[in-house]
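Student: Could you take me through one part of this protein in close detail, residue by residue? I would like to see what surrounds it.

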Amino acid sequence: MQPRRFAQLDVFADQALQGNALAVVLDGEGISDAAMLDFARWTNLSETTFVLPPTAEGAAGGADYRLRIFTPAGELAFAGHPTLGSCQAWLNAGGRPRQAQQVVQECAKGLVSIQRSPSASNIDREGLAFAAPPLQRSEVPASVQTEVMAALALQADDLVAAQWLDNGSRWMGLLVRDTDVLPRAQPNAAALRALGVKAGLCAIHTPSSGPMAADPVLEVRGITLTAHGIAEDPATGSLNASLAQWLGAAGHIALPYCVQQGAAIGRAGRMRLTIDAHGQVWAQGQVHSVLTGQVIL
């Protein structure tokens, strides 16, 4: 065990302490898988990450560092807020990317590009943005849709469309008919765990005034499975990247648009989803440093 640089950050919020918290161990080399999982359980955050040098294959592909992402229950191939938060922590700690305006992260899902410049790829607000990984999506059988809606205490006619979404983290995307449906959802932990479903509920509306009036807004609730039940995410990058790829391709919403998430748990998650000239979807948001120091691992 030895002292290692450590940071906690708040991701996907206009102000610190309103988004999704992340723990980052910046000197992750030499820590065993078991110790990583133990530390992730101890932080008790939705995700804890460990930054390591890239593998030889990753370095050959342009990776600046490698990231391992743990929940208290196990390792993830990819997750959105850990990607942006870990990148910002790495930059804050003196990390120097090979390309001035782009950082390349290696993770179990593969290589993920992160834009540093707000002028790149149609990203016109401050913050970092990750390129949404390739998405696998498929139809959800009607019988499963019915079971999940019942587990959320919602009616069948509240649902517009559903898809399985997987970009390294598997979700059931549920587009409901309007934003009034979202606060009515009352997730049944036992039922959702029995179905093995992480539910990403969303509804579209267009504000008539305010800072987001120029773009459509997607209101989101992300219901996740935990070791002991379920929890709700303040802001979920992987889910929102998948939703943008699905909803945009299916014609439900036009990109760019803004996302609001976390209202049901007293947070104010915010992000922006865009698409560039090559058809690449980007998820952008603010990252705030909250704690820095050392951890003994």
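Tutor: Let us begin with a polar contact of 3.1 Å, which joins the side chains of Glu 47 and Ser 46; a polar contact is a pair of N or O atoms within 3.5 Å, where within protein one must be able to donate a hydrogen and the other to accept it, and residues adjacent in sequence count only if both atoms are side-chain atoms. The model is predicted, so local features need pLDDT of at least 70 and side-chain atom pairs count only at pLDDT 80 or more, while totals for chains, interfaces and linings use all residues. Residues are numbered from 1 along each chain as its sequence is written, and side-chain values use heavy atoms, with hydrogens and water left out.

Glu 47 lies in the loop between α1 (33–43) and β3 (48–52), where helices (H or I, at least four residues) and strands (E, at least two) are DSSP runs, numbered from the N terminus. With a relative accessible area of 11%, Glu 47 is buried, a word that means under 20% relative accessible area with a 1.4 Å probe and protein chains only.

Leaving aside residues up to four places away in sequence, Glu 47 touches Ala 21, Leu 22, Ala 23, Ile 69, Phe 70, Thr 71, Leu 76, Ala 79, His 81 and Pro 82, contact being heavy atoms within 4.5 Å. Finally, the unreviewed UniProt entry places the feature "active site" at Glu 47; UniProt positions are given in the numbering used here, feature names are shortened, and annotations may be inferred rather than shown by experiment.

Key
Buried means under 20% relative accessible area, exposed over 50%, partly exposed in between (1.4 Å probe, protein chains only).
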